[in-house]
Amino acid sequence: MQQILNYINGELRAPVNNQWLDNVEPATGKVYSQIPSSDADDVALATEAAEKAFQTWSITPVAERSRIMDKIASLIEEKLPELAAAESKDNGKPLKLASHVDIPRARDNFHFFATGILHFASESHAMEDNAINYTLRTPIGVVGCISPWNLPLYLFTWKIAPALAAGNCVVAKPSEVTPMTAYLLSEICIEAGLPKGVLNIVHGLGQHVGNAITEHPKIKAISFTGGTQTGATIAAKAAPKFKKLSLELGGKNPNIIFADCDFEKALKTSVMSSFANQGQICLCGSRIFIERSIYNKFRDAFVEKVNALNVSYPTDPKANLGAVVSKPHMEKVLSYIQLAQEEGGTVLTGGNQVHLSDDYANGYYIEPTVIEGLDYLCRTNQEEIFGPVVTLTPFDSEEEVLTMANSTEYGLASTVWTENLTKAHRMAQQIEAGIVWINCWLLRDLRTPFGGVKNSGVGREGGFEALKFFTETKNVCVKL
Ligand code: TXE
């Protein structure tokens, strides 16, 4: 049985306590590898290595940091098939999704910040009374990056790349549910010649490793993506230590479809925004609001397309949906489908666990599920399900749909479908979200600010926002 290792001070090593966790393949429900069940001792070693490496990495010329990071990007590209296969096996997502989305984006994250750092500048402010101010943005030191299981390498590198580019050293923790590609990234970093201790990857449980990262006095900033509840736990521990915090949390995103939309485009994209990655993307549009005059037409056409989706094992080229990430998560999603029916919803299609055959008989598969007839304030429409489940709700006016869209504790992303530009901009202004897509979904420019409001998080990732997060800002005022 393969045992993956921590990556500390440039070496692949077992956890100090020699304790291991089973890693289950969602497609089959079988244990296929083991990961370190590390603890505070491993985080201490990683932090010590990072602190030592920081003395050099922080003053390494930006062009050299950029070169090494671009080498990592090239190696991710070179090893794309192996990384995609590992990601698909670890997460349960279709192989073609890992190949076309997850791993290319991980490559792009490294390439983007390897070049972005070359253009990162700061301001100066001249004063009338013969003085000038200039702003210095310097690396923080050792930072912590904690990431989730839904887009494992994609989100892991989305944090690590800007942190390294800005000259910090990192103690990173991938989800214990999907550790494999983070382990393969360790090997890539060694091959790329990343100096030892610059990046350290510690595997294990959130309450042991994640918590130790949050608590460690020498780790000055925490960048976290995951559940809102966990985000609150991290914030409570980090706040008294005055650590910088970037929290990308849950979402319950509205997908608003007006009668004057481009119907076919809205329909096709809504299938994607509902069920991509088995609905396990914090940006998925899980609450679909449809203007009443086209409600029946859209509902029927949408259900017809959903019925044509193929739930299958991840390496099946025909798979539109693969397995959800774990047995507990499958049970959580199925419990919400049960709740929806108790709250008065009607399941228009789906609603059941899918039982495949042979090797996949014990995998975690759920039918794409569409539910109508629920009140917009019921739990099903207020709580993040994070699976292949969407609800349909008609609306009669902009005011009504804005009230419903903004009614949850979340505010991450939203989608608006209308050919009326004025209405689109009016909606974008009033929707409580960090991201508004108009006539598109998941169209991403890495330079843009990324993050949510309310219980969807604090701070912004992306572009210079990320580089500013991972630097300390100092103003120097000089009397001329
Ligand atoms: O997140 P967790 P999970 C949502 C989604 C999902 C829920 C839980 O609703 O069902 O969050 O998912 C580490 N201190 N999203 O289990 O538990 C943990 O080990 C420090 C939305 O993935 O938050 C993992 O590495 N770290 C999200 C990471 O935090 C802790 C994507 C995320 O785990 C910790 C995924 C602690 N006390 C889930 N406890 C998005 N916004 O994209 C856990 N961790």
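Predicted model: local features only at pLDDT ≥ 70, side-chain atom pairs only at ≥ 80, totals over all residues.
Valine 311 counts as buried, because its relative accessibility is 13% and a residue is called buried when that value is under 20%. Valine 311 belongs to the loop that lies between helix 10 (295-307) and helix 11 (327-342). Leaving aside residues up to four places away in sequence, valine 311 touches Leu321, Gly322, Val354, Leu356, Tyr365, Ile366, Glu367 and Pro368. Leucine 249 stands 62 residues from valine 311 along the chain, and the C-alpha atoms of the two are separated by 27 Å.

From this loop we can turn to a helix. Helix 6 (residues 180-192) has 13 residues, which at 1.5 Å a residue should span 18 Å, and the distance of 19 Å between its end C-alpha atoms agrees with that expectation. Helix 6 is mostly covered, since 10 of its 13 residues are buried; among them are Met180, Tyr183, Leu184, Ile188 and Cys189. Just after helix 6 comes glycine 193, which takes a positive phi of about 80°.

The axes of helix 2 (residues 62-78) and helix 4 (residues 95-116) come within 8 Å and cross at roughly 165°; because angles over 145 degrees count as roughly antiparallel, the two helices are roughly antiparallel to each other. Their crossing is left-handed. Helix 2 contributes Ser66, Met69, Asp70, Ile72, Ala73, Ile76 and Glu77 to the contact, while helix 4 contributes Ile103, Ala106, Arg107, Phe110, His111, Phe113, Ala114 and Thr115. Sorted by kind, the residues of this contact comprise 9 nonpolar, 3 polar and 3 charged.

Notes
Residues numbered from 1 in each chain as written. Heavy atoms only, no water. Axes fitted to C-alpha atoms, helices over the stretch in contact; angles between N-to-C directions. Helix = DSSP H or I, 4+ residues; strand = E, 2+ residues; numbered from the N terminus. Parallel < 35°, antiparallel > 145°, perpendicular 65-115°, else oblique. Left-handed = near helix turned anticlockwise from the far one by under 90°. Contact = heavy atoms within 4.5 Å. Nonpolar A, V, L, I, M, F, W, Y, C, P; charged D, E, K, R; others polar. Expected span 1.5 Å × (residues − 1). Buried < 20%, exposed > 50% of the residue type's maximum accessible area, 1.4 Å probe, protein only.
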